[in-house]
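Welcome! Take a look at the structure below, and then we will walk through one residue and the interface around it.

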Amino acid sequence: AQSVTQLGSHVSVSEGALVLLRCNYSSSVPPYLFWYVQYPNQGLQLLLKYTSAATLVKGINGFEAEFKKSETSFHLTKPSAHMSDAAEYFCAVRKAAGNKLTFGGGTRVLVKP
Amino acid sequence: EAGVTQFPSHSVIEKGQTVTLRCDPISGHDNLYWYRRVMGKEIKFLLHFVKESKQDESGMPNNRFLAERTGGTYSTLKVQPAELEDSGVYFCASSQEGNPTYEQYFGPGTRLTVT
């Protein structure tokens, strides 16, 4: 069975500082990996996805993530946090042969001025 | 183009009552998914429709939950009778294709509170 671990349920960063959200997965086969963001009172929005092409994936709003197979990780980064980045972020995995997403527990990001 | 919509946005019911949640997927999306997030835990898969057929219902917690998608358009998720542990946020998502690389578009969720 697949599982996804997000280290830290809450992260606080200063505006302009690096945002680093950690995600590790366990999977018997190379999966498809996703990062979603949920802003207050909204649905989940796809930030970026890894689908076995380039290991460094660029997404919307200046976010990017790097797939590291040897570390089974897919950490999300943004060089400079903006107040509008305050939200909850979810890492998710999807088996190549399956359709359902398996999510991590989510990380809520607080951006301090 | 309208996104995935869910109704109601909030529902508060008493234990033992029945509640029906509705999801309207993006037009033309044959794949429809239900997920649930209980008490700040991880979002968990409930089931997957392809058109009107249940492709995967391995995440349905028990027989108090009934999902339908008559005609392959909107879907309903009925909880009968509701229990306290059913409280949470129910998300619906849809995708154009079943290919894993295709994005699942999520609705805003229905927050269910069972008292």
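## A buried glutamine

In this predicted model, B:Gln104 is buried, with a relative accessible area of 1% (buried means under 20%, using a 1.4 Å probe and protein chains only). You will find B:Gln104 in the loop that runs between strand E9 (88-95) and strand E10 (105-106) of chain B; strands are DSSP runs of at least two residues, numbered from the N terminus.

## Its neighbours

Leaving aside residues up to four places away in sequence, B:Gln104 touches residues of chain A, including A:Tyr36 and A:Leu101, and residues of chain B, including B:Tyr33 and B:Ala93. Touching, or contact, means heavy atoms within 4.5 Å. The side chain of B:Gln104 also makes a polar contact with that of B:Tyr35, at 2.8 Å. A polar contact is a pair of N or O atoms within 3.5 Å, where one must be able to donate a hydrogen and the other to accept it; residues adjacent in sequence count only if both atoms are side-chain atoms.

## Where the chains meet

Chain B gives 22 residues to the contact and chain A gives 22 residues. One salt bridge is counted between the chains: the side chains of B:Arg37 and A:Glu88 meet at 2.9 Å, N to O (the cut-off is a Lys or Arg side-chain nitrogen within 4 Å of an Asp or Glu carboxyl oxygen).

## Reading the model

Residues are numbered from 1 along each chain as its sequence is written, and chains are lettered from A and ligands numbered from 1 in the order in which they are written. Local features need pLDDT of at least 70 and side-chain atom pairs count only at pLDDT 80 or more, while totals for chains, interfaces and linings use all residues; side-chain values use heavy atoms, with hydrogens and water left out.

Technical notes
Helix = DSSP H or I, 4+ residues; strand = E, 2+ residues; numbered from the N terminus. Buried < 20%, exposed > 50% of the residue type's maximum accessible area, 1.4 Å probe, protein only.
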